[in-house]
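User: I have a model open here and would like to go through its architecture. Could you start with the overall make-up?

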Amino acid sequence: MRSLKKWLRHRHIIWRYVSNRGHLKHDSKANALSRQLSADGFCQFDGPSVFDWPGLMDELNHEVNHSAHHDPASEKKFIVPRFGDHPTLDLTSIRFKLATHPVMVQTAQAYYDMKVRLRYINVWDCYPTDNSPRQSQLWHRDREDLRIFKFFMYLNEVGADQGPFCYAKGSHRRPFYATDPTGFLEADGTKRFTDESLAKSPFGHRIVQAKGPQGTSFIADTSGYHKGGYVLKGLRRLLVIMYTSHASQSHEFMTRPNELKGHIDSNLVPLIEDLPLA
Ligand SMILES: O=C(O)CCC(=O)C(=O)O
């Protein structure tokens with residue numbers, strides 16, 4: 001019975017029209033971004049221009065430098081999440097203002113064709129380590145939902161040596177002829193894929209690397225193959241914002257405080273109302 005329910009939940013028609021009902025309108029910028037995302041599973045753009053927010057990079061970097069944790073012990077890991085492992089929602093922050101920017105929310109809603117949930121906001125500082133690539137530095141797919149909308153923005157310049165994010169375009173909607181490349185299970189049970197096996201897959205010729213100056217932004221449906229963050233030199237500072245459908249069964253990544261300080265427009269409340277209390 002449980003497996004029948006699970007099977008039904010994973011049918012697109014049930015996911016869209018039973019688990020996530022409703023109809024929405026979107027503006028032309030959001031429609032253009034979401035069309036590209038639907039076609040490729042990935043789209044890259046200049047954040048400050050698309051959000052029409054010239055001071056965005058200074059405001060975000062100021063926020064990270066002044067209000068984030070910085071636990072030097074955790075620098076032994078290759079990712080230091082600057083707002084902690086389980087960030088708490090802060091309605092007064094610049095990062096929340098960006099996560100609820102009309103272009104962002106409408107693009108996410110246009111992509112899902114439904115109202116979405118905000119699931120995660122954080123800034124990752126990624127450092128070089130002595131290890132060979134592991135965990136998210138290796139090709140993998142995320143499992144939080146049938147589609148996964150992740151927005152990323154570089155807060156510093158990222159070139160080939162700063163572990164650019166890589167994506168296999170088209171792998172978010174696997175065509176019927178495409179079988180998974182040969183993978184292996186890491187110690188935590190997650191399936192990962194080598195560069196060689198990805199290169200031999202039907203998506204091998206559609207791999208892109210996101211490199212660019214600070215402000216370089218991209219949205220990826222991370223249910224497709226992706227990897228990144230294997231920094232060889234310097235630092236990669238990455239803002240990450242994730243939305244899923246309301247029917248996503250994944251565990252929670254973020255909490256909201258008992259008393260929310262700041263203001264949220266009533267039409268945005270569905271984004272956060274299901275977040276668990278801290
Ligand atoms: O750090 C990266 O570039 C990869 C990120 C990633 O794997 C993820 O967010 O699912």
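Analyst: The protein chain contains nine helices and 11 strands, where helices (H or I, at least four residues) and strands (E, at least two) are DSSP runs numbered from the N terminus. Its radius of gyration, taken over C-alpha atoms, is 18 Å, close to the 19 Å that the globule rule (2.2 Å times the number of residues to the power 0.38) gives for 278 residues, so the chain is as compact as a globular protein of that length. This is a predicted model, in which local features need pLDDT of at least 70, side-chain atom pairs count only at pLDDT 80 or more, and totals for chains, interfaces and linings use all residues. Residues are numbered from 1 along each chain as its sequence is written.

User: What is the strand order in the open sheet of three strands?

Analyst: The order is β8-β5-β10, with antiparallel pairing; two strands pair if DSSP finds at least two bridges between them. β8 (207–210) and β10 (226–227) each have a single partner strand, so one side of each lacks a neighbour in the sheet.

User: How many bridges join β5 and β8?

Analyst: Four bridges link β5 (residues 165–168) to β8. In β8, V208 is the bridge partner of Y167.

User: Changing topic: is I241 buried or exposed?

Analyst: I241, in strand β11 (residues 236–245), counts as buried because it has 22 C-beta neighbours inside 10 Å. The cut-offs are 20 or more other C-beta atoms within 10 Å for buried, 12 or fewer for exposed, and partly exposed in between, with C-beta atoms placed from the backbone.

User: And which residues does I241 touch?

Analyst: Leaving out residues up to four places away in sequence, I241 touches A99, Y120, I121 and F151, a contact being C-beta atoms, placed from the backbone, within 7 Å.

Technical notes
Two residues are in contact if their C-beta atoms, placed from the backbone, lie within 7 Å.
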